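These are my notebook entries on one protein model. I record what I looked up and how I read each value.

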Amino acid sequence: MQRKPSTYLMSAVAAVLALIAPFCMPINIATEIVIFSIFALATYLLISVAGLYSFGQAAFFGVGGYIAGYLYINTDVPLFVGLLLAALGSAVAALVVGMMSIKRIGIYFMMLTFAFNQMIFYLAYSWHSVTGGEDGLGGIRRPDITIPGVGKIDLSNHVNFYVLCAVLFVVVFAGLYQMMRSPLGLVLSAAKQNMRRTDSLGFSVYRAQLLAFVVAGAASGVAGALFAMLYRIMPIDAISWHSSGTAVFMVIIGGMSSIFGPVIGAAIFIWLQGFFSLMWARWPLLFGVFIILVVLFLKGGAIELFDRVRRLVTGARGERSAP
């Protein structure tokens, strides 16, 4: 059995990717990719590791964004307190939804998460005094960070804000990867293969999946809070089921065979979204064709494409070196 790379090695690779990203694209695009990578990683934990096809992650993304946005508009809470409360609020929401959804499997689980997503969407839509309703929650500020011995860091500077998002991305990446390698991750993987047998061995599949659901909800909340600070507004569209589908598409495009899949998928999705929108006003049609082609010819996503290229290169080198 092949041993998985250590958390330190994988985290170092993720940090290098985050470091070089601003040199390859505009800083705002790089920041958006990093934020949605956190969101996609949370969805990857549920889909690829736990086998839970959730179509309600946008609800927790939105809860985190609204909590952080409301706090940063109406109070003077420090940055990390707002992020912590956003993660906590999203985790509580995920706990409530998960307790009622995880008892169902397959299509029933998917429909329940979708239904809860719609319920939270219409709650945000109707609670105009707090969420801004259909206009969104605007005027969100970016609190400065004060570090002893360093001074105050102005997050209105795009580079400083990107560094914050990149650091949180690496932290979430490392935490989720370590969780996947832990006994909890092994239980989730075993339950994905055969839930009844895993249960019969004495492991509580329900508790393991519920814990994964809560962790994914908390990570989605952090991504939502960063998204709200990036554009200084939390739009109502960010909490709709379309956003949940976006996270699932990112995982599919990148591939589910590696934890880097959702990160690559987020980068491809956001880049193609901007590229297609410049080509044609009805760009979702082009994007739909792209998704269909990926599903038909690249079931393993971009990771499978890289693997095919690697095997072709390795095969070509082997033929040249053969007598």
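Entry 1: I began with the terms for exposure: a residue is buried under 20% relative accessible area, exposed over 50%, and partly exposed in between. I looked up Val 96 and found a relative accessible area of 44%, so Val 96 counts as partly exposed. The model is a predicted one. Val 96 is found in helix 4, which covers residues 79-101.

**Entry 2: the whole protein.** I turned next to the overall fold. The secondary structure comes to 14 helices and four strands. The C-alpha trace spans about 70 × 50 × 50 Å along its principal axes. For 323 residues, a compact globule would have a radius of gyration near 20 Å, and the protein agrees with this because its value is 20 Å. I also recorded that buried residues make up 48% of the 323 residues.

**Entry 3: aromatic pairs.** How many aromatic pairs does the structure hold? I found 16 of them. Phe 39 and Phe 61 form one that is tilted, with 4.6 Å from centre to centre and 35° between the planes. Phe 39 lies in helix 2 (residues 27-49) and Phe 61 in helix 3 (residues 57-74), so this pair ties together parts that are 22 residues apart in sequence. Are these two residues buried or exposed? Phe 39 has 1% relative accessibility and therefore counts as buried. Phe 61 is buried as well, with a relative accessible area of 1%.

I then looked up Phe 227 and Tyr 231, which form an edge-to-face pair at 5.5 Å centre to centre, with 65° between the planes. Both belong to helix 10 (residues 205-231); they are four residues apart, so about one helical turn separates them. Phe 227 has a relative accessible area of 10% and is therefore buried. Tyr 231, at 39%, counts as partly exposed.

Finally, I checked how these rings are connected. Ring pairs link Phe 36, Phe 39, Phe 61, Phe 227 and Tyr 231 into a cluster.

**Entry 4: a charge over a ring.** The charged end of Arg 142 sits over the ring of Phe 161, at 4.3 Å from the ring centre.

Notes
Residues numbered from 1 in each chain as written. Predicted model: local features only at pLDDT ≥ 70, side-chain atom pairs only at ≥ 80, totals over all residues. Heavy atoms only, no water. Phe/Tyr/Trp six-rings, centres within 6.5 Å; stacked < 30°, edge-to-face > 60°. Helix = DSSP H or I, 4+ residues; strand = E, 2+ residues; numbered from the N terminus. Buried < 20%, exposed > 50% of the residue type's maximum accessible area, 1.4 Å probe, protein only. Lys NZ or Arg CZ within 6 Å of the ring centre and 35° of its normal. Rg over C-alpha atoms; globule rule 2.2 N^0.38 Å.
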